[in-house]
Amino acid sequence: MTLMTGNFLIIMTIQRSPNLNSPMYFFLSFLSSVDICYSSVTAPKLIIDSQAKVKSISFVGCMVQLFFCHLFGCTEIFILTVMAYDRYVAICKPLRYMTIMDRKVCSILVVTCWLGGFVHSFIQTILTVQLPFCGPNLIDHYFCDVHPLLKLACTETYMVGLIVIANSGMISLSCFVILMGSYIVILLSFKTRSSEGRRKALSTCASHITVVILFFVPCLFIYLRPSTTFTEDKMVAVFYTIITPMLNPLIYTLRNTEVKNAMKRLWVGRLLDRNKRDSGVKLSGAGIACIVPVSKRVAGNKSVVTS
């Protein structure tokens, strides 16, 4: 509920606030949408299984969960990389920022993130669904992922494990290196900034770096290694499937003055307007109730009512 409420709040605030129309908030809104979808793949089943004696899932359901988990997870990796590029252009090339990051370029980048996530997830799912599974059918995890499923296969999975590392692990590692490199360049550029500009840019980048570390470090631990499973994998996976998407709204809101002010204007302002309207209705009703005829005088054939 915290995850859904926080991310929906960010989406609605950005959509309804005219001053939050920069590319950074366009990507932030998209990130919140992906976070909602990503956690919806694993969290509901986890909640149901926590109350069930027999925790089971069909083979088709397992493959569907595997596909969408990697689709939304990889899309989030790409969107975080795009957001780092957006911050690099905004801070290092401020005069050309709106020219470089126009609406068309932003839309192309978002579509590219989706396509990249789809290709990655399709490869992962095809590799897994073709494996022969002959039992046991028990995995030590709370959702269907590649490594636990490879452990159940009745065939040699060494080559498949290498492809998984090349597909998932190298994507995570390469994007993480690009992200950290871009933020290092941004931090080095602060030397030429004013104190106010440096403070604002550092506040924005700090929130991005926090999200990157919380999301990428667990991903690298899981996918940048041979096809083996550990008991700790379940706890580590919780970070990038549930905890990070839940913390994203708090991190981006608490560290961003513009988003906080927009939320105050939009949501607190609406509450105040509603209270004013309710007060106005009550006062109007009271006035109408007091307007009653108090005297009547007949002048010829005309009747006059005074109040």
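Biologist: What share of the contacts in the protein chain with a separation of 6 or more comes from residues 24 or more positions apart?
Modeller: In this predicted model, the share is 75%.

Biologist: Which pair shows residues apart in sequence and their distance in space?
Modeller: Take Leu-214 and Asn-248. They are 34 residues apart in sequence, and their C-alpha atoms are 9.8 Å apart.

Biologist: What is Leu-214 in contact with, leaving aside its neighbours within four places in sequence?
Modeller: Phe-239, Thr-244, Leu-247 and Ile-251. Contact needs heavy atoms within 4.5 Å.

Biologist: Why is Leu-214 called partly exposed?
Modeller: Leu-214 sits in helix H8, residues 195-223. Its relative accessibility is 25%. Buried means under 20%, and exposed means over 50%. The value lies in between, so Leu-214 counts as partly exposed.

Biologist: And what makes Val-60 exposed?
Modeller: Val-60 belongs to helix H3. Its relative accessible area is 59%. The cut-off for exposed is over 50%, so Val-60 is exposed.

Biologist: Which elements give two or more residues to the nonpolar patch?
Modeller: Helix H3 (59-92) and helix H5 (103-129). H5 gives the largest share, six residues.

Biologist: How many helices and strands are in the protein chain?
Modeller: Ten helices and two strands. Of its 307 residues, 44% count as buried.

Technical notes:
Residues are numbered from 1 along each chain as its sequence is written. This is a predicted model: local features need pLDDT of at least 70, side-chain atom pairs count only at pLDDT 80 or more; totals for chains, interfaces and linings use all residues. Side-chain values use heavy atoms; hydrogens and water are left out. Helices (H or I, at least four residues) and strands (E, at least two) are DSSP runs, numbered from the N terminus. Buried means under 20% relative accessible area, exposed over 50%, partly exposed in between (1.4 Å probe, protein chains only).
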